[in-house]
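User: I have a structure open and would like to go through it piece by piece. Can you help me read it?

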Amino acid sequence: MSKKENFCKGSSSAVVFGEIMCEKLKVSAVEAVCNKTGVDIAGQMMCSFPAFNGNRLNLEKHVLASLAEKEDFNIFMTYIQNPRAQVEAFIKEQVKEYMFMTQKVKAQNILKKNVEEISRVISQALFEATEKVKKEEGDIQMWVEEFSSKLKPKLTLDTVSCQNFSDINNFEFLKEEIEKGLKSITTEMSKLSLEKVNNCRQKPDQILIDQLCNCCWERCPFCAAVCTNTLKDHSPEKHSVPFHRPSGVEGWHVRGTVDLVIDFCTTLVASDRAFYADAGSEEAFPFKQYPTAGEKYASWSITADASMLAYWKWFICHFQNELEVYYDLKFQGSGEIPQHWKNFSKKDKK
Ligand SMILES: [Zn+2]
Ligand SMILES: [Zn+2]
């Protein structure tokens with residue numbers, strides 16, 4: 001008889017098995033608390049955080065407000081060229097601020113509540129599995145199956161081999177052994193920090209990114225405004241956005257000159273002007289028939305109207321120099337900035 005077999009006799013078996021069980025429980029319990037807390041924080045922000053609890057346009061509004069707040073030209077250009085990257089960065093930033101600053105206490109309470117809940121789930125499963133096996137005079141295999149299935153909705157346990165423990169028959173004793181270990185599991189869970197939660201599998205910012213960024217990211221070919229459709233692929237429905245921008249934001253200029261285009265594309269599509277579909281093409285298309293210029297244009301529905309968001313007027317005035325340097329072009333000639341645009345502030349709504 002080997003040393004191990006010898007050790008595993010009778011109640012000693014229960015002690016060893018209890019220890020193995022507690023080690024596995026500790027890993028699962030910590031993971032369960034982390035993941036649940038991540039999901040809960042994300043859920044709470046989806047319900048009550050102003051930037052995340054509305055529609056796509058609402059999120060966009062908050063992203064723009066945050067960009068205006070920072071007044072950083074480089075971040076603006078990231079947003080214009082790769083809006084998704086900037087929106088993801090915005091979400092990460094907001095979650096961090098929420099979890100570690102503005103709503104830190106709330107987030108910690110969620111964590112605490114989940115530690116208590118997982119402890120309770122384990123105790124309850126322990127009690128129920130033991131009662132059932134005692135009543136039905138089952139063996140250790142049955143006990144493990146019962147215990148795992150009672151835990152299942154809240155935490156997943158790694159497979160435990162019962163092969164060397166078939167001699168366990170005092171399940172009340174086994175329960176007490178595991179209960180002793182539960183104290184240290186609870187202590188381990190209580191040591192969890194919000195930093196740890198933010199690094200687990202179910203990170204709150206990633207959950208929110210998956211939810212909020214799973215939509216269309218096509219940009220208007222004339223001004224780079226992002227389609228606000230909530231579906232990633234919404235063909236045959238055309239891309240659209242309620243607010244367009246002056247085309248110069250995207251670097252559109254008059255061919256053969258360095259004059260940037262100051263007009264909003266909603267104005268352009270109603271004008272008698274024409275454009276070249278891309279830098280190398282020779283054929284000019286009338287703006288009024290922009291969908292004839294190719295799929296890139298035809299896939300958009302740009303309604304001619306006079307809705308010119310003051311925000312972009314402010315942006316162009318505020319960053320005129322930076323934009324001119326960035327594109328190596330000028331707001332001059334037909335692209336001269338109207339004098340009254342300079343009166344707009346970044347806070348003007350319309
Ligand atoms: Zn546009
Ligand atoms: Zn779209």
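Predicted model: local features only at pLDDT ≥ 70, side-chain atom pairs only at ≥ 80, totals over all residues.

User: Fine. What domains is the protein divided into?
Analyst: There are two entries in the division: domain 1 covers 3-52 + 98-208, and domain 2 covers 247-343.

User: How far apart are the C-alpha centres of domain 1 and domain 2?
Analyst: Those centres lie 59 Å apart.

User: And the largest nonpolar core, which residues touch the most other members?
Analyst: That core has 85 residues, and the ones touching the most other members are Ala29, Val33, Ile118, Leu208, Cys220 and Cys265. Helix H2 (residues 10-48) supplies the largest share, 13 residues.

User: Where does this core lie relative to the domains?
Analyst: Domain 1 and domain 2 both give residues to the core, so it lies between them. As a general point, nonpolar side chains in soluble globular proteins tend to be buried together.

User: Switching to helices. At what angle do H6 and H8 cross?
Analyst: Helix H6 (residues 104-135) and helix H8 (residues 171-190) cross at roughly 170 degrees, and their axes come within 10 Å. Angles over 145 degrees count as roughly antiparallel, and H6 and H8 are therefore roughly antiparallel to each other.

User: Which residues make that contact between H6 and H8?
Analyst: On H6 they are Val115, Ile118, Ser119, Ile122, Ser123, Leu126, Thr130, Val133 and Lys134. On H8 they are Phe171, Glu172, Lys175, Ile178, Glu179, Leu182, Thr186, Met189 and Ser190. Sorted by class, the contact of H6 with H8 has nine nonpolar, five polar and four charged residues.

User: What about H4 and H5, at what angle do they pack?
Analyst: Helix H4 (residues 73-81) and helix H5 (residues 83-102) pack at about 120 degrees, with axes 5 Å apart. That angle makes H4 oblique to H5. Ile75, Thr78 and Tyr79 of H4 meet Pro83, Ala85 and Gln86 of H5. In class terms, the contact of H4 with H5 has four nonpolar, two polar and no charged residues.

User: What does Cys227 touch?
Analyst: Not counting residues up to four places away in sequence, Cys227 touches Cys216, Glu218, His239, Ser240 and Val241. Lys196 is 31 residues from Cys227 along the chain, and their C-alpha atoms are separated by 36 Å.

User: Where is Thr257?
Analyst: Thr257 is also in the loop that runs between helix H10 (204-212) and helix H11 (265-268). It counts as partly exposed, with 13 C-beta neighbours inside 10 Å. Between Thr257 and Leu329 there are 8.5 Å in space, C-alpha to C-alpha, and 72 residues in sequence.

User: Backbone next. Which residues does a cis peptide bond join?
Analyst: Ser235 and Pro236, with omega at about 10 degrees. Pro236 sits in the loop between H10 and H11.

User: Which residues other than glycine have a positive phi?
Analyst: Glu137, with phi near 50 degrees, and Ala224, with phi near 70 degrees, are examples. In general, most residues other than glycine have a negative phi, and most peptide bonds are trans.

User: Where are Glu137 and Ala224 placed?
Analyst: Glu137 is in the loop between H6 and helix H7 (140-151). It counts as exposed, having 9 C-beta neighbours inside 10 Å. Ala224 is in the loop between H10 and H11 and counts as partly exposed, with 19 C-beta neighbours inside 10 Å.

User: Last one. Leu57 is in helix H3 (residues 56-70). What does Leu57 touch?
Analyst: Leu57 touches Thr228 and Pro242, leaving out residues up to four places away in sequence. Leu57 is exposed, with 12 other C-beta atoms within 10 Å. The C-alpha atoms of Leu57 and Asn170 are separated by 62 Å, and the two residues are 113 residues apart along the chain.

Technical notes
Residues numbered from 1 in each chain as written. Chains lettered and ligands numbered in written order. Core = buried A, V, L, I, M, F, W, Y, C linked by C-beta atoms within 7 Å. Buried ≥ 20, exposed ≤ 12 C-beta atoms within 10 Å, placed from the backbone. Helix = DSSP H or I, 4+ residues; strand = E, 2+ residues; numbered from the N terminus. Domains from an automatic or database assignment. Axes fitted to C-alpha atoms, helices over the stretch in contact; angles between N-to-C directions. Parallel < 35°, antiparallel > 145°, perpendicular 65-115°, else oblique. Contact = placed C-beta atoms within 7 Å. Nonpolar A, V, L, I, M, F, W, Y, C, P; charged D, E, K, R; others polar.
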